[in-house]
Amino acid sequence: MRAAIVEGVGKVSVTTVPDPTPGPRDVVVSVSACGICGTDLHILQGEFAPTLPIVPGHEFAGEIVGIGSKVTELAVGDKVAVDPSLYCHECRYCRAGRGNLCDRWNAIGVSVPGGAAEFAVAPVANCVKLPDHVDVRDAALIEPLSCAVRGYDVLSSTLGADVLIYGSGTMGLMMLELAKRTGAAGVDILDINPERLATASKLGCSRAAASAEEFERPGGWDVVIDATGNAGAIQDGLGRVAKGGTFLQFGVSDYATTAVIEPYKIYNQEITITGSMAVLHSYERAAALFATGVLDPAVFISDRLPLEQYPQAIERFKAGQGRKIVVEP
């Protein structure tokens, strides 16, 4: 089969690799679409993936074309979206129901071959069957949506909150869509990319700007979400949280990124600083939300490229062009 390979730091190609073979409780998925996200750039930079080479791709969906000997829940021909999370189920965090913090955390497309290929293997337990009306080519959006759902689980959002989101890429826009549905009084969006800001306005944000200075809100926002991972945005956002408010680090930063906090202000104003790591008990809910039409794939997916153009897709994503970019084997 054909697959994208991250061969080493900064090196990605498309080549022929052996077809995958399922274990007893695995399925083989013929990949219909695989999304590219910031994690893929980190892998290309030598972060996250424990070893290289690796077939990337943790946002994917497709049709089952093979099943293991002990699989009874799904059948060949079923359309599925795949939760990439792989937990050990043994460490203290897994036993406490916090699998996303697993001491031996792994993921399809990060530590084992992923969906940037014609075929991918996944545990049957990680597959969510899609209803007939869902286009499987759009269902690569379910994995990032499940991360956004997890983010709102962490926030435990209060009705009537004023929200500020840094970044109007795919994840920032998903956080916008969920903020609207969790009772936010207003959702403001910041981005330096005019095209992305225009999309945020199209989706119904309250205000869109390149800098928070353009907004008149001296008291700050109840909820501030960073969906960029950018040090400058994070630092600015930490200073925009209202008294009693919450700052959510949702964007994935480089390992070396740092920010300065003001401990007295955090104490005196009872500010909460928290994070949201990947997926936790949120994938099935994201799939259910997606099936209701919570996202418009025509808005969120800006580029559909053939698998052979995976290196070009990565470069396009790295340059900040478009929104969600997917490759289709």
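The buried residues of helix α8 (283–291) are covered by several elements, including β4 (59–67), β5 (79–82), β9 (127–129), α3 and α9. Here, buried means under 20% relative accessible area, with a 1.4 Å probe and protein chains only. Covering is judged by contact, that is, heavy atoms within 4.5 Å. Helices (H or I, at least four residues) and strands (E, at least two) are DSSP runs, numbered from the N terminus. The model is a predicted one, in which local features need pLDDT of at least 70 and side-chain atom pairs count only at pLDDT 80 or more, while totals for chains, interfaces and linings use all residues. Residues are numbered from 1 along each chain as its sequence is written, and side-chain values use heavy atoms, without hydrogens and water.

In α8, Tyr283, Ala286, Ala287 and Phe290 are buried. They cover an arc of only 100° around the axis, so they lie on the same side of α8. The arc is taken from the directions from the helix axis to the C-beta atoms. Gly293 follows α8 and has a positive phi, near 90°.

Helix α6 (residues 231–238) has the buried residues Ala233, Ile234, Gly237 and Leu238. Their arc is only 130° around the axis, which puts them on the same side of α6. They pack against β10 (162–166), β13 (221–226), β14 (241–249), α7 (263–268) and β15 (272–275).

The largest nonpolar core has 46 residues. Such a core is a set of buried Ala, Val, Leu, Ile, Met, Phe, Trp, Tyr and Cys residues joined through side-chain atoms within 4.5 Å. Ile142, Leu145, Ile165 and Ile225 have the most contacts inside the 46-residue core. Its largest share, 7 residues, comes from α3. A second, separate core of 36 residues includes Val29, Ile64, Ala107 and Val110. In soluble globular proteins, nonpolar side chains tend to be buried together.

Strand β17 (residues 324–328) is largely enclosed by the rest of the structure, because 5 of its 5 residues are buried. Lys324, Val326 and Glu328 point one way from β17, and Ile325 and Val327 point the other way. Strand β3 (residues 26–36) pairs with β17 in the antiparallel sense over 3 bridges. Pairing requires that DSSP finds at least two bridges between the strands. Ile36 stands opposite Ile325. Strand β16 (residues 301–306) runs parallel to β17, joined by 5 bridges. Leu305 has Val327 as its bridge partner.

Notes: Buried means under 20% relative accessible area, exposed over 50%, partly exposed in between (1.4 Å probe, protein chains only).
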